Amino acid sequence: MIHRISLKSGKYSFTAEEYESILDAAIRAGVPFNYGCSNGNCGLCKAQILSGEVSQLRKHDFVISEADKIQSYALMCSTACKSDLLIDASVAATTSDIPVQELRVKVRKIDEISSDLAIITLQVPRSARLRFMAGQYMRVYDDQQRSHEYAIASCPCDEKHIEFHVRKLDGDAFSNMVFKQLRVGDWLNIQGPYGDFVLDDSSDAPMVMIAFDTGFAAIKSLLEHTTAQEKEREIYLYWLACGSEGLYLDNLCRSWDDALDELHYVPLHMQRGINEILDSEYEGMCHIEDKITLSLHHIEHLKNAEVYLVSPEPVAKLVEQLLVGKGIQQERIHHEIIRGNPNLKCIHPEAKI
Ligand code: FES
């Protein structure tokens, strides 16, 4: 049977089956519960049951004191619901509530989407879980133990698998290793999560998400997290991509657009390749400006929207200028640089935009 679990704060509510732990159901629903081991050892997931009936799912080593038992405290990783519940549980309010973790992870899948773009999926060991917030990034280590930053492209609701989008770059040790040497079953060391480019879960405002090239990775994580939650927020997804294979997950975006009434996908495809766009200096920026200007009519009614933008800095300045011109408030525009492609950090520093 399915039951509804509500948090005392009123901020979160989700459903759970009687056979699963409350913690698993919360993670699946995108609720950022505080937890550690997820197997009854650390006590970090302890919460108070304010109303409703629960059952113990498994034995745990962490000892709940008699005083806490009287006040109906239980471990969410070891407890299931038997009715609708009201609970007082602690949730991660900010990224600083989530510890930096170091994990050795196994390569589960490598999808070479095009000649220079691979999606790698890493598997977290059975005894561990990776806690992160949608939009954050990890450090991945190559065989020389040099670190490379990649945005997590997967949803925190699947904390066993981590997805990165890797663009092959000349002279970049990690991306070349991915394309030449990396095989399914290999192991990688990762560290994180890092970054503050995360959603404001307290807001119900519509969202505009804008990705440039592999900036789509962080946006994909934000979108999957949003759709895992039971909130219905209107979302406009713009993907600004270069070259014939730039919209490398176009079919996925179109399937979201078909399946979700609240999501509207606007691909902004530029024929020229990314290097050409980057090399053409001011002309390239004009091209980007034209594309964005022509498509902003979609969001003219969204003055109160929260904007999440992943792009090189000068593209961000241009987009911010255009959005503010359309009445969107500057403080509602959240920007993140593209991880995994250091070349893009310095696109046209001299461009007059
Ligand atoms: S998460 Fe460690 S005891 Fe529940």
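Ser 72 sits in the loop that links α2 (66–70) and β5 (73–75); helices (H or I, at least four residues) and strands (E, at least two) are DSSP runs, numbered from the N terminus. The model is a predicted one, in which local features need pLDDT of at least 70, side-chain atom pairs count only at pLDDT 80 or more, and totals for chains, interfaces and linings use all residues. Residue numbers start from 1 along each chain as its sequence is written.

**Backbone exceptions**

Most residues other than glycine have a negative phi, and most peptide bonds are trans. Ser 72 is not a glycine, yet its phi is positive, near 65°. Gln 145, in the loop between β10 (137–141) and β11, likewise has a positive phi of about 65° without being a glycine. Ser 72 is partly exposed because 15 other C-beta atoms lie within 10 Å. Gln 145 is exposed because it has 7 other C-beta atoms within 10 Å. By definition, a residue is buried if 20 or more other C-beta atoms lie within 10 Å of its own, exposed if 12 or fewer, and partly exposed in between, with C-beta atoms placed from the backbone. The peptide bond from Gly 192 to Pro 193 is cis, with omega near 10°. Pro 193 belongs to strand β13 (residues 187–194).

| Residue or bond | Angle | Value |
|---|---|---|
| Ser 72 | phi | near 65° |
| Gly 10 | phi | near 85° |
| Gly 192 to Pro 193 | omega | near 10° |

**The open sheet**

An open sheet is formed by 5 strands in the order β2-β1-β7-β3-β5, with mixed pairing; two strands pair if DSSP finds at least two bridges between them. At the edges are β2 and β5, each of which pairs on one side only. From one strand to the next the twist averages 40°, where axes are lines fitted to C-alpha atoms, for helices over the stretch in contact, and angles run from 0 to 180 degrees between N-to-C directions.

Ile 5 stands opposite Phe 14 of β2. The hairpin of β1 and β2 has 5 residues between the strands, and Gly 10 in this hairpin takes a positive phi. With strand β7 (residues 85–88), β1 pairs in the parallel sense over 3 bridges. In β7, Leu 86 is the bridge partner of Ser 6, and Ile 87 is that of Leu 7.

**Domains and their contact**

The chain is divided into domain 1 (2–91), domain 2 (96–194) and domain 3 (207–346), with bounds from an automatic or database domain assignment. The centres of domain 2 and domain 3, taken over C-alpha atoms, are 23 Å apart. Between these domains, 21 residues of domain 2 are in contact with 16 residues of domain 3; contact is counted if the C-beta atoms of two residues, placed from the backbone, lie within 7 Å. On the side of domain 2 that touches domain 3, the elements giving two or more residues are β8 (101–114), β11 (147–151) and β12 (161–167). This side of domain 2 has 14 nonpolar, 5 polar and 2 charged residues. In this classification Ala, Val, Leu, Ile, Met, Phe, Trp, Tyr, Cys and Pro count as nonpolar, Asp, Glu, Lys and Arg as charged, and the others, Gly among them, as polar.

**Nonpolar cores**

A nonpolar core is a set of buried Ala, Val, Leu, Ile, Met, Phe, Trp, Tyr and Cys residues joined through C-beta atoms within 7 Å. The largest has 70 residues, of which Met 209, Ile 210, Ala 211, Ile 219, Leu 237, Trp 239 and Leu 240 touch the most other members. Strand β15 (residues 235–242) supplies the largest share of this core, 8 residues. At least three residues of this core come from each of domain 2 (96–194) and domain 3 (207–346). Apart from neighbours within four places in sequence, Ala 211 is in contact with Phe 216, Ile 219, Trp 239, Leu 240 and Val 310. A second, separate core of 27 residues includes Phe 33, Tyr 35, Cys 45 and Val 54.
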